[in-house]
Amino acid sequence: MAEALLEVSDLSRYFTVGNRKTLKAVDGVSMTMRRGETLGLVGESGCGKSTLGRTIIGLYEPTAGTVRFDGANVTAGRYRELALRMQMIFQDPYTSLNPRMKVSDILAEGIDNHRLARSTADRSKRIVDLLESVGLSQEHANRYPHEFSGGQRQRICIARALSVSPDFIIADEPISSLDVSIQAQVVNLLQDLQSEMGLTYLFIAHDMSMVRCISDRIGVMYLGSLVELAPSEDLFAKPLHPYTRALLSAIPIPDPKEERSRRRIMLKGTVHSPIDMPPGCKFALRCECRKDRCLADIPRLREVEPGHFCACHDV
Ligand SMILES: Nc1ncnc2c1ncn2[C@@H]1O[C@H](COP(=O)(O)OP(=O)(O)OP(=O)(O)O)[C@@H](O)[C@H]1O
Ligand code: SF4
Ligand SMILES: [Mg+2]
C-alpha cells in the first residue's frame with residue numbers, strides 16, 4: 001500500500017453504562033488509510049461507526065490501542081498538535097453550528113485559535129476564500145446559521161472544517177439529514193475539494209449505493225468490530241462476510257428482471273447487545289453459515305485475498 005497517513009491498531013473504546021456494565025462500542029479495530037483515499041465505513045445503527053471516528057480524532061480517549069497519524073502517536077498526548085490536521089463533519093449541520101454566531105465568526109474561530117492569519121486583511125480574505133470554496137459568497141458572511149438552508153449549513157460546516165487546512169476529514173453521515181436533491185451537491189463538493197486539496201476522507205454512512213460511488217475502499221462494522229475491509233468494487237463484486245452479503249442483498253437493483261431473480265438475505269435473530277458479549281463471533285446468532293467453532297473462537301480480521309480482509313471462520 002502507498003504511504004499510510006493513518007494507522008489504527010487494536011483500537012477499543014468502552015463505555016461504562018447502567019449498573020457498572022461495560023459497553024464495547026469499539027472493540028479491537030485495526031486498519032490503515034493511505035493519503036488521499038476515501039474509506040467508507042458502513043454498518044447498522046449502533047455498531048460503533050461514530051465512536052470509532054471520534055476516538056480516531058481524539059474526541060474520546062481510547063480504552064486500548066493506538067492511533068498513529070502521519071507517523072505521530074495521537075493517543076500519546078499529541079492530539080492538540082495534530083488537531084489542526086484532523087477535522088470532523090457531523091450529521092446534523094444545524095446543531096453543530098452555534099446559532100448565536102455569525103458565519104464569519106464561526107469560520108474565524110479556528111483561524112484565530114491557531115493564529116493562522118497574518119493580519120486582519122488576511123483573516124477576512126481567508127473567510128471569503130473559504131465561503132467561495134464551498135460555493136457560498138462574501139454576502140453570506142454576516143448571516144446567522146438559521147438564515148440558511150440545510151445544504152448551505154452543511155457547506156458552512158465543511159468550510160469550518162477546512163478553515164484550519166486539514167489533511168484528514170472524518171465525515172460522519174454528512175448528508176443523511178439533507179434533502180435527497182441536495183445530497184448529491186454536497187457529495188460532489190466534498191469530492192471536488194478532495195481532488196483540489198489532496199484530502200483523505202473517512203466517510204461514515206448508511207447508504208451503501210452512495211458509499212460505493214465515493215469510496216476507494218469500504219469497511220463494514222458489526223457490533224464494534226471491523227468484519228470486512230476491501231476495495232469498493234471487490235466488496236460489491238464478491239462480498240465475503242455473511243453480514244456484508246446480507247447488507248448488500250438488501251440494496252434495490254434498478255433492473256427489474258435482475259431484481260426479481262436475486263436472493264434477498266433476511267437477517268434473522270436479534271442483534272446482540274454490545275454489553276457483556278458472549279465468546280466467539282458476534283454475528284453468530286444471526287448467521288446462516290454458523291459452525292460450532294463460531295460460538296467459541298473470535299474470528300480475526302485477516303487478508304483473505306490481496307487487499308481484501310475478512311473476519312470469518314467460514315471464509
Ligand atoms: N457516550 C456514550 N455513552 C454510552 N454509550 C454510548 C455512548 N456513545 C455511544 N454509545 C453506545 O455505543 C454504541 C455505538 O454507538 P455509535 O454512536 O458509535 O454507533 P453508530 O454506528 O454511529 O450508530 P448510528 O448509525 O446510529 O449513528 C451504541 O450501543 C451506543 O449506544
Ligand atoms: S465466524 Fe461463523 S458465525 Fe461468524 S460470520 Fe463467520 S460463519 Fe458466521
Ligand atoms: Mg453514528
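Of the contacts in the protein between residues at least 6 apart in sequence, 62% join residues at least 24 apart. The model described here is predicted, and the protein in it has ten helices and twelve strands.

**Overall dimensions**
- For 315 residues, a compact globule would have a radius of gyration near 20 Å, and the 21 Å of the protein therefore agrees with that expectation.
- Taken along the principal axes, the box filled by the C-alpha atoms of the protein is roughly 70 × 50 × 45 Å.

- Strand β7 covers residues 168-172, and because five of its five residues are buried, the strand is largely enclosed by the rest of the structure.
- Side chains in a regular strand alternate between the two faces of the sheet.
- In β7, Phe168, Ile170 and Asp172 point one way while Ile169 and Ala171 point the other way, and all of these residues are buried.

**Strands paired with β7**
- Strand β6, which spans residues 86-89, runs parallel to β7 and is joined to it by four bridges, with Met86 having Phe168 as its bridge partner in β7.
- Strand β8, made up of residues 200-204, also pairs with β7 in the parallel sense, here over five bridges, and the bridge partner of Phe168 in β8 is Thr200.
- Between β7 and β8 the chain passes through helix α6, residues 180-197, in a β-α-β crossover that is right-handed.

Definitions and conventions. Residues are numbered from 1 along each chain as its sequence is written. Chains are lettered from A and ligands numbered from 1 in the order in which they are written. This is a predicted model: local features need pLDDT of at least 70, side-chain atom pairs count only at pLDDT 80 or more; totals for chains, interfaces and linings use all residues. A residue is buried if 20 or more other C-beta atoms lie within 10 Å of its own, exposed if 12 or fewer, and partly exposed in between; C-beta atoms are placed from the backbone. Helices (H or I, at least four residues) and strands (E, at least two) are DSSP runs, numbered from the N terminus. Two strands pair if DSSP finds at least two bridges between them. A crossover is right-handed if, with the strands pointing away from the viewer, the path from the first strand over the helix to the second runs clockwise. The radius of gyration is taken over C-alpha atoms; the globule rule is 2.2 Å times the number of residues to the power 0.38. Two residues are in contact if their C-beta atoms, placed from the backbone, lie within 7 Å.
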